[in-house]
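Me: Could you take me through this structure, one piece at a time? Start wherever you like.

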Amino acid sequence: MQRQPSNLDRRNFLKVGGLSTIALLGTTGILSFPGAQSLMASSNKKQDSIFNGYGNLQKDPGGILDLPRGFQYRIISEEGGQLSDGRPIPSAFDGMAAFPGKHNSTVLVRNHELTGNTDYPVIGKNPYDKDNTGGTTALVVGPNRKVIDEYVSSSGTIRNCAGGGTPWGTWLTCEETLERGHGYVFEVDPNDPENKRSRTPIREMGAFSHEACDVDPATGIVYLTEDSSPSFLYRFIPVDPSPQPGALQKGGTLQAAAYEEMPNRYAESLYPAKKYNIIWKTINPEKASDDAEAKGCIQFSRLEGSQFSAGVFWFSDTSARSSTGEQGRIYRYIPATNQLELFYEAASANEMEMPDNLCITPWGDVWFVEDGPGNDRVMGITPEGQVYQFAENKLNDSELAGPTFSPDGRTFFVNIQTPGITFAIWGPFARRNAGRQRQMAHAAPPAGLGPSISGEVTAFAEQQGMSDLEVAALERHGIPLL
């Protein structure tokens with residue numbers, strides 16, 4: 001996932017970075033679904049019409065991050081700055097997750113994709129391997145979106161690329177490497193930094209070039225992606241599925257996904273809006289990739305970000321080929337039906353170009369960050385498959401990483417990897433909608449074929465955390481709702 005460092009001079013960057021807050025004022029760009037008018041994207045990518053979303057991006061006077069009207073950002077952390085104990089903030093910001101903290105604060109855990117010598121290594125007190133410079137930091141961010149505390153939470157690992165937050169409040173940090181003694185998953189507790197678990201690899205989750213992972217809260221099963229070529233989709237069935245720190249280290253079974261019936265083993269054979277039954281094959285965790293290939297498991301191009309939400313595991317394939325080039329794809333796997341589906345494949349680079357980390361928004365859209373050529377963006381996809389842009393990195397061509405929302409859904413956090421910057425972004429986000437999140441987990445009806453629903457019913461659905469389709473079905477069966 002790591003790209004070459006920018007040629008931006010550090011001193012000049014600090015001059016730009018001094019504009020740590022920029023308010024984009026004006027008429028609020030309210031998100032509307034569906035039927036919003038299209039726009040011509042204001043980016044250096046190929047121009048095509050895409051869904052309007054929050055509206056046109058406004059030029060940032062600081063030249064760092066363009067956002068829609070009504071939104072603003074604050075730079076809350078920069079590489080080379082100071083942690084709370086005076087040590088330098090490590091570089092190469094990558095995957096993140098957000099957890100609730102004390103006094104309405106948000107606790108961020110952030111990866112640092114480092115290996116070998118670097119100007120700003122992760123300097124820990126209890127490293128897994130003292131000769132390596134990767135690891136994680138944690139940031140406690142107050143309700144005013146300012147950092148209260150910032151500290152090392154794990155160290156001594158290699159290329160901590162992505163990972164996933166657990167339902168019990170820890171972060172699974174993943175090493176993207178095949179170096180001997182590395183390539184593992186570690187459990188990091190932001191409330192107990194650099195503890196024994198943070199430097200104890202969960203070996204049965206496999207030794208391979210890990211990218212991201214996430215936990216199904218209903219079963220405790222962990223789903224994992226691999227950043228390699230070819231790459232495979234894995235799951236880890238823990239011996240102890242209890243939702244508590246350390247349970248995963250008791251061991252379990254690693255498996256890789258395979259088609260139940262397909263003429264070949266390649267994911268690029270999948271068609272949109274069609275579900276494919278899959279089976280899971282048990283894999284030797286110390287030879288995960290070789291064993292998965294030997295057993296005929298599904299070969300993806302290069303898997304990246306993931307998130308489990310509303311009963312669905314979402315993941316991206318950043319360089320998957322299609323008829324329009326290597327724009328990438330986004331898949332969803334539904335454990336309840338054991339089916340894999342190609343959810344979105346872009347028609348052009350303007351809609352999606354090399355999707356990387358992703359998250360599900362509080363109101364139910366998929367948001368992904370890009371890792372392609374040119375200025376990378378934060379992009380959204382609605383349940384109806386409409387694409388819109390939310391932000392664009394204007395500082396340089398470094399990738400965006402680590403998209404995540406605060407537990408209250410009011411603040412969006414994201415990183416620029418090089419030079420490392422963490423942003424807090426806020427504004428008129430759509431309100432939390434559990435029903436819409438569940439709607440995203442299922443195929444929406446074709447336009448014009450869905451039921452006609454009144455505004456009162458829609459308001460009731462949102463209040464009850466239900467989708468419009470669920471409420472319409474109850475009404476049709478004569479169940480009084482209003």
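**Ser306 and its surroundings**

Reply: Leaving aside neighbours within four places in sequence, Ser306 is in contact (heavy atoms within 4.5 Å) with Ala212, Cys213, Asp214, Thr225, Phe313, Trp314, Phe315 and Leu358. This is a predicted model, in which local features need pLDDT of at least 70 and side-chain atom pairs count only at pLDDT 80 or more, while totals for chains, interfaces and linings use all residues. Residues are numbered from 1 along each chain as its sequence is written, and side-chain values use heavy atoms, with hydrogens and water left out.

Me: Where is Ser306 placed? And is Ser306 buried or exposed?

Reply: Ser306 lies in strand β19, residues 303-309. Strands (E, at least two residues) and helices (H or I, at least four) are DSSP runs, numbered from the N terminus. Ser306 counts as buried because its relative accessibility is 9%; buried means under 20% relative accessible area, exposed over 50%, and partly exposed in between, with a 1.4 Å probe and protein chains only.

Me: Which backbone atom lies 3.5 Å from a polar atom of its side chain?

Reply: The backbone nitrogen of Cys213 lies 3.5 Å from a polar atom of the Ser306 side chain.

Me: What does β19 join to?

Reply: β19 and β20 run antiparallel and are joined by 5 bridges; strands pair if DSSP finds at least two bridges between them. Ser306 has Phe315 as its bridge partner in β20. The hairpin of β19 and β20 has 2 residues between the strands, and Ala310 takes a positive phi near 50° there.

Me: How many residues of β20 are buried?

Reply: In β20 (residues 312-317), 6 of 6 residues are buried. Val312, Trp314 and Ser316 point one way from β20, and Phe313, Phe315 and Asp317 point the other way. β20 is also joined to β21 (residues 329-334) by 5 bridges, again antiparallel, with Tyr333 in β21 as the bridge partner of Phe313.

Me: Changing topic: how many helices and strands are in the chain?

Reply: The chain has 5 helices and 29 strands. Of its 482 residues, 58% are buried. Among contacts with a separation of 6 or more, 58% come from residues 24 or more positions apart.

Me: What is the strand order in the open sheet of 6 strands?

Reply: The order is β4-β5-β26-β25-β24-β23, with antiparallel pairing. β4 and β23 (355-360) are the edge strands, each pairing on one side only. Inside that order, β25 (residues 377-381) pairs with β26 in the antiparallel sense over 5 bridges, and Val378 has Ala391 in β26 as its bridge partner.

Me: Which residues have the most contacts inside the largest nonpolar core?

Reply: Trp367, Phe390, Phe412, Phe423, Ile425 and Phe429 have the most contacts inside this core of 25 residues. A nonpolar core is a set of buried Ala, Val, Leu, Ile, Met, Phe, Trp, Tyr and Cys residues joined through side-chain atoms within 4.5 Å. Strands that each supply at least two of its residues include β5 (65-68), β24 (366-370), β26 (387-393) and β29 (421-426). A second, separate core has 22 residues, including Val185, Phe208, Leu224 and Leu248.

Me: And how many aromatic pairs does a search of the whole structure find?

Reply: The search finds 33. Rings of Phe, Tyr and Trp (its six-membered ring) pair if their centres lie within 6.5 Å; planes under 30 degrees apart count as stacked, over 60 as edge-to-face and the rest as tilted. One of the pairs is Tyr54 with Phe390, edge-to-face at 5.9 Å centre to centre and 75° between the planes. It links distant parts of the chain, 336 residues apart: Tyr54 in the loop between β3 (49-50) and β4 (57-58), and Phe390 in strand β26.

Me: Why does Tyr54 count as buried?

Reply: Tyr54 counts as buried because its relative accessibility is 1%. Phe390 is buried too, with a relative accessible area of 0%. Tyr54 also pairs with Phe429: the ring centres are 6.4 Å apart and the planes stand at 90°, so this pair is edge-to-face.

Me: Which residues form one aromatic cluster?

Reply: The cluster consists of Tyr54, Phe71, Trp363, Trp367, Tyr388, Phe390, Phe405, Phe412 and Phe429.

Technical notes. A polar contact is a pair of N or O atoms within 3.5 Å; within protein, one must be able to donate a hydrogen and the other to accept it, and residues adjacent in sequence count only if both atoms are side-chain atoms.
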